[in-house]
Amino acid sequence: MTTPETGLCFALSKSFTSKNEREKKMARNGLCLPGNAPAFRATLVLSLLLLLQPIRAGHDYHDALRKSILFFEGQRSGKLPPDQRLKWRRDSALHDGSTAGVDLTGGYYDAGDNVKFGFPMAFTTTLLAWSIIDFGRVMGTEQRNAVKALRWGTDYLLKATAVPGVVFVQVGDPYSDHNCWERPEDMDTRRTVYKIDHNNPGSDVAGETAAALAAASIVFRSRDPAYSRLLLNRAVKVFEFADTHRGAYSSSLKNAVCPFYCDVNGFQDELLWGAAWLHKASRRRQYREYIVRNEVILRAGDTINEFGWDNKHAGINILISKEVLMGKADYFESFKQNADGFICSVLPGLAHTQVQYSPGGLIFKPGGSNMQHVTSLSFLLLTYSNYLSHANKNVPCGMTSASPAFLKQLAKRQVDYILGDNPLRMSYMVGYGPRYPQRIHHRGSSLPSVQAHPARIGCKAGSHYFLSPNPNPNKLVGAVVGGPNSSDAFPDSRPYFQESEPTTYINAPLVGLLSYFAAHY
């Protein structure tokens, strides 16, 4: 509807009883433009009609939630527990850390290989914790499984930070591992242990590890107070180490971590991110003062349309903005301004050049494994919309205004695309819906299970299965792959790893998204 006063509004509600009510509710629940921006409106109209129009109605979000959490059991390393539900997996990497005289068993394989990369594992843990903190109350019966998935990560991070002044950040030689296609149960590649210390700093991975431990301490505060205190106390020490010995781990360990999880963005954001979670977990004044004092120095307002294992800027601003919107922290007002800027940067039709949308309506950012951007950015859209709703606020974006309901709908559109509302009518979550990826880039899933093939499958013997056109024999239920390209095309083929490889940090924010939509739709 267009009026001289209100311009154009996109409503997310179905029916209204009067013209006045319609205009008021559109302004509250949609995205509104002034009446004097016709060319801009035309572009935005086309974008919004495409993005907010569902291809088919209805999804079983609770089923998708259950499967998204189950996926983490397929990524487990170490001695598997008796209640392991994905039965085709077996124990693996039971001697990790032994070459360095420490116990580094457990944790998660980050993706389709058998290396334990600490940086993305810590980010996965932080996002799992945030999902439970914000959406745990609506997870229903899956809350217990989500907490188990979180603890599998934090138990490992406690091992990795058990030696004062040291953080063990990776287990496994990535070049040796990537030269083989073998099950984790058969793994005989070099399990080299990599660490950071005061001579070889890594404020990025240490800052993220501190964030993960602090965030998880909130989750366990009432469930297991002693464990929660252990997590928080360790987070304090790891953050102090990260801040005192500043530097990027990709400089200290370049040959081991690059180009796999090289910190391109710098370590400054992880220091703010760690401080933000410590502030939230501990309520100690020193972390509030650290954030205020270092906001400009550590570049809180940089690259605000990014959020992932390497770049925490958007997440920092959204997380801290909650206090501003609750009326508790005016001294953080600039973070809310940054958060609003992030929202505006991802809106269709307004988006920054680095945030594109595919013809089918999927958020697309250049680089590999695009679904990591889709789930992480959508998670922030949803969490911020909830914070805004409680404060009865909208997001001003120049000539437009975006309501919390609009942000929720945009996030939901991304989740629905993942679950099958897309041009290919294909779910990108393994095991969900009638059609989903069959040949994912994942060693354990693509090779016969130990039960089906007890004999060892060697390093190069697995190549036959990697190149096979047959579907993977083991279903990695809940795995969300890297996804289609910018034209919505998807090659269901193992060699196309950027499209067909699942990762833990794709699923971690999706757990929160699916929890909310399962409870409200």
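Two strands count as paired if DSSP finds at least two bridges between them. Keep that in mind as you look at this structure, which is a predicted model. Strand β4, residues 116-117, is joined to β5 by two bridges, and the two run antiparallel. If you want a spot to look for, find F117, which stands opposite Q170 in β5.

On to the next pairing. How many bridges join β5 to strand β6? There are four, and β6 covers residues 193-196. These two strands also run antiparallel. Here you can look for V167, which stands opposite I196 in β6.

Is strand β5 mostly covered or mostly open? Mostly covered: β5 spans residues 167-171, and five of its five residues are buried.

Now for a helix. N145 sits in α5, which takes in residues 143-160. Why does N145 count as buried? Its relative accessibility is 14%, and buried means under 20%.

Which residues does N145 touch, leaving aside its neighbours within four places in sequence? They are I69 and R85.

## A helix with a kink

Helix α20 runs over residues 504-520, so to speak a stretch of 17 residues. From its first C-alpha to its last it reaches 25 Å, close to the 24 Å expected at 1.5 Å a residue. Even so, α20 has a kink of about 30°, centred on L510.

Like β5, which is mostly covered, α20 is mostly covered too: 14 of its 17 residues are buried.

## The largest pocket

How do you find gaps in a protein? Rolling a probe the size of a water molecule over the atoms shows where empty space is left. In this model, the largest pocket holds about 910 Å³ of space.

How many residues line the largest pocket? The lining has 33 of them, and F260, W309, G368, Q372 and Y505 lie nearest the centre. Two elements give two or more residues to this lining: α15 (371-391) and α19 (497-500).

Key:
Residues are numbered from 1 along each chain as its sequence is written. This is a predicted model: local features need pLDDT of at least 70, side-chain atom pairs count only at pLDDT 80 or more; totals for chains, interfaces and linings use all residues. Side-chain values use heavy atoms; hydrogens and water are left out. Buried means under 20% relative accessible area, exposed over 50%, partly exposed in between (1.4 Å probe, protein chains only). Contact means heavy atoms within 4.5 Å. The expected span of a helix is 1.5 Å times one less than its number of residues. The bend at a residue is the angle between axes fitted to the seven residues ending there and the seven starting there. On a 1 Å grid over the protein atoms alone, a cavity is a set of points where a 1.4 Å probe fits but cannot get out, and a pocket is an open set with protein on both sides within 12 Å along at least five of seven lines; lining residues have an atom within 4 Å of a point. Grid points are joined across faces, edges and corners, and a volume is the space filled by probe spheres set on the points.
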